[in-house]
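Please look at the structure first and keep it in view while reading.

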Amino acid sequence: MSSEIARKLARNAGIAMILAASTFLSACQVRPLYSENSGVTEKLSSVGFSDASGRIEQQVRNRLIFLASRGAGEAANPQYHVELRATSSVADTLLRQSGDTSRAGRVTVTVTYTLSAIVDGRVIKAGSRQATALVDFSEQEFAKQRAIRDAENRAADQTAEFVGADLAAALSR
């Protein structure tokens, strides 16, 4: 008898959990970020970006302009402004046993940004994103420097994708 009561209680508890979960999930709104009626595409195309002070910042800025405007170029009359600061660091990861040279490394690009409305200057979103790209170091110095630059470009583009997604999410609210 007691096992039959326990089964009924477990079944009723399971039904109650399903009802509670369905009630909770019915309050959720799921919609595409770039849908036409959300207005995110228009808001993103009206974002202006700060001038770059270095090569890495320029790479991030160019990629963000492309992402925000869908390839149409920088906004003529921006309604929003993004202040960008990008830094890059290179770290050695595999040191040779026979010497002090490295065979591989990683490049990390960190972008700090602040999205604000131009009309009133209020900050809509501020944050920091980073991405890491792996790199193999050559024995030749020029090849090594070129590999580092290519890794910086890859990491900068990836970081710009992260920042672009953050900006789109912030503007969709």
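## The nonpolar core

The largest nonpolar core has 33 residues, and those with the most contacts inside it are Phe49, Val60, Val82, Leu84 and Leu167. A nonpolar core is a set of buried Ala, Val, Leu, Ile, Met, Phe, Trp, Tyr and Cys residues joined through side-chain atoms within 4.5 Å, where buried means under 20% relative accessible area, exposed over 50% and partly exposed in between (1.4 Å probe, protein chains only). Among the elements that give two or more residues to this core are helix H3 (55–69), strand E3 (102–117) and helix H4 (141–172), and H4 gives the most, with 11 residues. Helices (H or I, at least four residues) and strands (E, at least two) are DSSP runs, numbered from the N terminus.

The model is predicted: local features need pLDDT of at least 70, side-chain atom pairs count only at pLDDT 80 or more, and totals for chains, interfaces and linings use all residues. Residues are numbered from 1 along each chain as its sequence is written, and side-chain values use heavy atoms, with hydrogens and water left out.

## Helix H3 and Phe49

Residues of H3 that are buried include Val60, Arg61, Leu64, Ile65 and Ala68. Contact means heavy atoms within 4.5 Å, and, not counting residues up to four places away in sequence, Phe49 touches Arg61, Leu64, Ile65 and Ala68, among others. Just after H3, Arg70 takes a positive phi of about 60°.

## Ser116

Ser116 lies in strand E3 and counts as buried because its relative accessibility is 15%. Leaving aside neighbours within four places in sequence, Ser116 is in contact with Tyr80, His81, Gly121, Arg122, Val123 and Ile124.
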